[in-house]
Amino acid sequence: MGTIQFSNNEVSPDIKDKLKLKLFLINIFKDERVDFKKVTYIFCKDDYLLRLNKKYLDHNTFTDIITFTLSDKFQSIISEIYISIDRVKENAANLKVEYEEELRRVMIHGILHLCGFSDHTPEKKREMRKMEDFYLSKYSST
């Protein structure tokens, strides 16, 4: 079984019940039948994630998440997932949802990318949102 780690870069996500959330995220990999070794979530501020977005993806825009796969294609997944707490808080306010729910959605989103889901077309975005909603409701029911 792989591991999920949380790391703070100048900001804390204030996650309640970290162990429950880590076990839940591990189970998404199990449900999707994807082998992983290690996923590290790095929680940061907008400016830090913007620098990564410019440097590695050549995008000059704010984003809530960037997922990097560090392992080779046919190996167990090793990944770093960067999440801007500033973006998550703003998105939660704009969407009129609780901050923790939006944070879980973004965390699930990163895992789904690692499991092969994409959001590069409108159809794939709808599928991704459907899967996020599925796993959010599954988390809420546990």
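Student: How are helix 1 and helix 5 oriented to each other?

Tutor: Two packed helices are described by the angle between their axes and the distance between the axes. Here, the axes of helix 1 and helix 5 (residues 122-140) cross at roughly 135 degrees and come within 11 Å. Helix 1 and helix 5 are therefore oblique to each other. Angles under 35 degrees count as roughly parallel, over 145 as roughly antiparallel, 65 to 115 as roughly perpendicular, and the rest as oblique.

Student: What should I know about the model and its numbering?

Tutor: This is a predicted model, where local features need pLDDT of at least 70 and side-chain atom pairs count only at pLDDT 80 or more, while totals for chains, interfaces and linings use all residues. Residues are numbered from 1 along each chain as its sequence is written, and side-chain values use heavy atoms, leaving out hydrogens and water.

Student: Which residues in helix 1 meet helix 5?

Tutor: Contact means heavy atoms within 4.5 Å. Lys20, Leu21, Phe24, Ile28 and Asp31 in helix 1 meet Tyr135, Lys138 and Tyr139 in helix 5.

Student: At what angle do helix 1 and helix 4 pack?

Tutor: Helix 1 (residues 18-31) and helix 4 (residues 99-114) have axes 10 Å apart, at an angle of about 30 degrees. Helix 1 and helix 4 are therefore roughly parallel to each other.

Student: Is Cys44 buried or exposed?

Tutor: Buried means under 20% relative accessible area, exposed over 50%, and partly exposed in between (1.4 Å probe, protein chains only). Cys44 is buried, because its relative accessible area is 0%. Cys115 is also buried, at 15%.

Definitions and conventions
Axes fitted to C-alpha atoms, helices over the stretch in contact; angles between N-to-C directions. Helix = DSSP H or I, 4+ residues; strand = E, 2+ residues; numbered from the N terminus.
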